[in-house]
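Me: I've got a structure loaded and want to talk through how it is put together. Can we go over it piece by piece?

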Amino acid sequence: MLPLRIVETERPDFDEPIVELWREDDFVGMVFWDGEEAIVQIYPDNAGDVHDIAIEDLFRVLELAVQIVMPADMLEAEGDAFLSALNAAAPEGAWDEENPFTRVLTDEFDDKVVYRADDGEGFFDKETALALVARCDELGLAVVTMDGFDLEGAVLIPRPELAVAITSPGGLDWGVRCAAANAQIRAALESWDNRPTLVAAFVIQQNDGETFIA
């Protein structure tokens, strides 16, 4: 079963952001803040049938969605208790202490690598790499390192001229730093040749400063 993905959006009749739930190009539902609580609405599919959703996958996206739609002052004051209650209701082992934004990204892109090294590092073709950077923008993750290679069979050939490392001054709002980093990575990616052997590997940073390889 394909995993759910989320898309944060704004609507004029809501004060807080809305989170849409999608499975590939199929709209599944939405999560929004209704004054005092987070509400999830699940819609029928295009044929009028019900959506079958794995319980663990639903709880995974709901945890992330709540953090997006809950008003910032309430999230700061009551968010931990709210999310603890959600976690307590979730199936045992549904998720660990991993950043939920990171979990969403890795769930969506794990099976899109064209090559994965023994140490777990993934390598993506140009089109998928651009999609990954766009998804990082949506999830508030920053691509801070990108390295280009040519994949010849099972052999990775480094291309040092395609290496990009992002540094940004401290003190800036995370959203500003994140958007700036991803914009630089995207511009570099778009300038690359379109040869089919070209692949990219990434280091991605969370808003808490922790980094991980894609």
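Me: How many helices and strands does the protein have?
Reply: Bear in mind that this is a predicted model. Counting secondary structure in the protein gives five helices and ten strands.

Me: And what share of the residues in the protein is buried?
Reply: Buried here means under 20% relative accessible area. The protein has 214 residues, and the buried ones make up 41%.

Me: Let's get to the helices. Are α3 and α4 roughly parallel or roughly antiparallel to each other?
Reply: Helix α3 covers residues 100–109 and helix α4 covers residues 126–139. Their axes sit 10 Å apart, and the packing angle is about 160 degrees. Angles over 145 degrees count as roughly antiparallel. The pair is therefore roughly antiparallel.

Me: Is the crossing of α3 and α4 left-handed or right-handed, and how do the contact residues divide by class?
Reply: The crossing is right-handed. On the α3 side the contact uses Phe-101, Val-104, Leu-105, Glu-108 and Phe-109, while α4 brings Thr-128, Ala-131, Leu-132, Arg-135, Cys-136 and Leu-139. By class, the residues of this contact are eight nonpolar, one polar and two charged.

Me: Why is α3 called largely enclosed by the rest of the structure, and what covers its buried residues?
Reply: Eight of the ten residues of α3 are buried, so the helix is largely enclosed. The buried ones are Pro-100, Phe-101, Thr-102, Val-104, Leu-105, Thr-106, Glu-108 and Phe-109. Their cover includes β1, α1, β6, α4, β9 and β10.

Me: Which residue has a side chain joined to that of Thr-102 by a polar contact of 2.7 Å?
Reply: Look in the loop between β9 and β10, where Gln-206 lies. With 9% relative accessibility, Gln-206 counts as buried. Leaving aside neighbours within four places in sequence, its contacts are Asn-99, Thr-102, Leu-141, Trp-174 and Phe-212. The side-chain partner of Thr-102 in the 2.7 Å polar contact is Gln-206.

Me: Back to α4: how does it run relative to α5, roughly parallel or roughly antiparallel?
Reply: Helix α5 spans residues 174–191, and its axis comes within 10 Å of the α4 axis, crossing at roughly 170 degrees. That makes α4 and α5 roughly antiparallel.

Me: Which residues of α5 does α4 meet, and what is the class breakdown of the contact?
Reply: From α4 come Lys-126, Ala-129, Leu-130, Val-133, Ala-134, Cys-136 and Asp-137. They meet Cys-178, Ala-179, Asn-182, Ile-185, Arg-186, Leu-189 and Glu-190 in α5. The breakdown is nine nonpolar, one polar and four charged.

Me: Which residue has a positive phi although it is not a glycine?
Reply: Most residues other than glycine have a negative phi. The one to look at is in the loop between β2 and β3, and it is exposed, at 53% relative accessible area. With a phi of about 55 degrees, it is Glu-24.

Me: Last one: how far apart in space are Val-50 and Val-28?
Reply: Val-50 lies in the loop between β4 and α1, and its relative accessible area of 66% makes it exposed. In sequence, Val-50 and Val-28 are 22 residues apart. Going C-alpha to C-alpha, the distance between Val-50 and Val-28 is 9.4 Å.

Notes: Residues are numbered from 1 along each chain as its sequence is written. This is a predicted model: local features need pLDDT of at least 70, side-chain atom pairs count only at pLDDT 80 or more; totals for chains, interfaces and linings use all residues. Side-chain values use heavy atoms; hydrogens and water are left out. Axes are lines fitted to C-alpha atoms, for helices over the stretch in contact, and angles run from 0 to 180 degrees between N-to-C directions. Helices (H or I, at least four residues) and strands (E, at least two) are DSSP runs, numbered from the N terminus. Angles under 35 degrees count as roughly parallel, over 145 as roughly antiparallel, 65 to 115 as roughly perpendicular and the rest as oblique. A crossing is left-handed if the near helix is turned anticlockwise from the far one by less than a right angle, and right-handed if clockwise. Contact means heavy atoms within 4.5 Å. Ala, Val, Leu, Ile, Met, Phe, Trp, Tyr, Cys and Pro count as nonpolar, Asp, Glu, Lys and Arg as charged, and the others, Gly among them, as polar. Buried means under 20% relative accessible area, exposed over 50%, partly exposed in between (1.4 Å probe, protein chains only). A polar contact is a pair of N or O atoms within 3.5 Å; within protein, one must be able to donate a hydrogen and the other to accept it, and residues adjacent in sequence count only if both atoms are side-chain atoms.
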